[in-house]
Amino acid sequence: MKYIDEYRDAEGARSYAAALAKITTRPWTIMEICGGQTHTIVRYGLDELLPPTITLVHGPGCPVCVTPVELIEKAIQIAARGEVIFCSFGDMLRVPGLNRDLLSVKATGGDVRIVYSPLDALQIARDNPGKQVVFFAVGFETTAPANAMAVFQAKRQGITNFSLLVSHVLVPPAMEAILSSPRNLVRGFLAAGHVCTVMGYTEYEPIARNYHVPIVVTGFEPLDILQGITMCVRQLEEGRSEVENQYTRSVRREGNRPAQDLIREVFEITPRRWRGIGEIAASGLKLTAPYAEFDAEARFGLANQHIDESPECRSGLILQGILKPFECAAFGARCTPEHPLGATMVSSEGACAAYYRYRRDQRATTAAIGEGEDR
Amino acid sequence: MKRDAEFMPSCPIPITEYPHVLMAHGGGGRLMHQLIEKVFLSSFDNPILATRHDSATINPGGSRLAFTTDSYVVQPLFFPGGDIGTLAINGTVNDLAMSGARPLFLSAAFIIEEGFSMESLWRIAQSMRKAASEARVELVTGDTKVVDHGKGDGVFVNTAGIGRIEHSLVIAPSSVRPGDSILLSGDIGRHGIAVMAAREGLAFETTIESDCAPLADLVIQLLEAGIEIHCLRDLTRGGLASALVEIVEDTRYCIHLNESVIPIHEDVQGACEILGLDPLYVANEGRFVCILPKADAQRALHLMRSHSIGAEAVVAGDVTDGSPGRVTMTSRIGVERIVDMLSGEQLPRIC
């Protein structure tokens, strides 16, 4: 398929791997931010093409994984109400709250619908004036413009039976949280190409400077990722820490200005809890005052409800790149996609799900090596 | 009290996990297999059922017959390339074909929702007549029920079928051997994407048509040519990946696929890229895999490619004695990975 096959070419992959082997002289740990990149890496086995001294760790860039249990619980409570049509992207439905998921709400009579765009949810609101239509607005900067557009249009068109349950998170504060951790192992980042398509990459420049880490804005196809890793390792080997753009076919330095304007019109920055990590200052988005009437938490009286997470799941360590999925004792045993303990096993983009799906046979040997390392 | 004891044994599915049936329990993935094992196999346990084949092989009065049933609940009822009627005939014909049987007789039962359009019902019946004639089966018995408005979804169709087994092979996972070749009868993913595109709420335009087709004629041609078929499986719900995992799961062997030879039409690939779906798991209604000795593979491939429904057939992989019970695949960039069964339905991704 044109514009896809070129980026999945075996020959190209091998030449990047060879180039990478040539320039690598020391061990480096690199984090890919986005869950989509994690899946490409594990699905195509990219990490096996890399020199053994390069370790990839998987970042917190799966929106499903980092949505706190509190918001999942609020979603479940709202979806269970008789007057509500609850709309969500597909992968949120299987994420467990405290004791059930949205699919179970649907099975017991809740009107829970998978939509492909928040604007579809808005259309459902227009078509069902007697119902309250709620859209579960999760995601990073990538999904924020479309979610903002839905609220923007609802306000302009006077659609009052529509609201958003907002769980938006932002990438740069999470990167700073990882870099500030005393347990941090990450020496370079592959930034998420689609987030930067919206936001550009100027906000990564101070991070690269202040923490002395190279950041390479990277796409999602196998060759994108291999090229991104090569660019990152070259910087590390040369002692540089700059922001570079591998994903030039989609990303410009300033990003998509109209999309950013829309985000700023509808959303403002707020502290947000990340599942498995905890609260990170200025790391999320909430509706601005002119759009506050579209806030589902306020509309259904849930704004002051606080729910703590189960301490059992170690997905926070996975999301910070401190633990590999197969190093968790529950992985593949007590924790599987059918019976997930945590979100990283549930979401199709979650690191644990990726390893379970594509790699679980290697668990024993690789885990043994992992445990032998000095971490 | 006795009645209670008989009909309310303690449920083997822990109540804390899923006290209610989810859509995923019918999605063809692991949850459905758990449901079948824990609820149905344990209740109706017998050696024929335990083979868990698409159709049962029964031997009344010395003859070998294949017997199967399937229910059709597709939405929308009409989609590019077919409708619930064509599916109901071909699906059951294909289940018989997967035993290597010659389909003979079908039953059809209709559960119709009050208020359903008579014109639509007529169209469905005509599709069934046409599909049955193409598949050379006769619809010889049936049933009609009407339920209250709101208690059905237009129409549900059940068909059951009987076919005659004219060969002496054991076509089953237990016949699969290391060294066997895996033949795939054509491109994958068209039915699932055609239905999804036609489904309300997904407004992307496509020209993709369902691959819905009867498979029995081609299978019988292979058998009549003396091809020693070890196993057959049509690639319906759960797609190619789930079918192969099902075959190999209880064996000591490994099925190994080569990703770069699996045919996927560009428009199907494009739709999958947009929706974040993996075509390996997307449903087909006119595709099957045939596992057979390597020595027969090229001859069988030639026969398949000469048939209208197998023009794009390929040797997609082979059976090895590598990781037991696993399906593995060499990815397009040359690295090996597991191909697993999904736990439930494929859900479109966020971004």
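Modeller: Before anything else, domain bounds here come from an automatic or database domain assignment. This is a predicted model, in which local features need pLDDT of at least 70 and side-chain atom pairs count only at pLDDT 80 or more, while totals for chains, interfaces and linings use all residues. Residues are numbered from 1 along each chain as its sequence is written, and chains are lettered from A and ligands numbered from 1 in the order in which they are written.

Biologist: OK. Which domains does chain B have?

Modeller: Domain 1 covers 1-45, domain 2 covers 55-165 and domain 3 covers 173-339. Taken over C-alpha atoms, the centres of domain 2 of chain B and domain 3 of chain B are 23 Å apart.

Biologist: How many residues does the contact take from each of those two?

Modeller: 21 residues from domain 2 of chain B and 21 residues from domain 3 of chain B. Two residues are in contact if their C-beta atoms, placed from the backbone, lie within 7 Å.

Biologist: And which element supplies the largest share on the domain 2 side?

Modeller: α4(B), with eight residues. Helices (H or I, at least four residues) and strands (E, at least two) are DSSP runs, numbered from the N terminus. The domain 2 side that touches domain 3 of chain B has eleven nonpolar, eight polar and two charged residues. Ala, Val, Leu, Ile, Met, Phe, Trp, Tyr, Cys and Pro count as nonpolar, Asp, Glu, Lys and Arg as charged, and the others, Gly among them, as polar.

Biologist: Switching to the chain contact. How many residues from each chain?

Modeller: 32 residues from chain B and 41 residues from chain A. On the chain B side, α9(B) gives the most, with four residues. That side divides into 14 nonpolar, eight polar and ten charged residues.

Biologist: Now chain A. At what angle do α2 and α16 pack?

Modeller: About 15°, with the axes of α2 (residues 35-44) and α16 (residues 351-359) of chain A 9 Å apart. Axes are lines fitted to C-alpha atoms, for helices over the stretch in contact, and angles run from 0 to 180 degrees between N-to-C directions.

Biologist: Roughly parallel or roughly antiparallel?

Modeller: α2(A) is roughly parallel to α16(A), a label for angles under 35 degrees.

Biologist: Which residues of α2(A) meet α16(A)?

Modeller: Thr38(A), His39(A), Val42(A) and Arg43(A). Their partners in α16(A) include Tyr355(A) and Arg359(A).

Biologist: What about the domains of chain A?

Modeller: Domain 1 is 27-311 and domain 2 is 315-372. Their contact takes 27 residues from domain 1 of chain A and 20 residues from domain 2 of chain A. On the domain 1 side, α2(A) gives the most, with six residues.

Note on methods
Angles under 35 degrees count as roughly parallel, over 145 as roughly antiparallel, 65 to 115 as roughly perpendicular and the rest as oblique.
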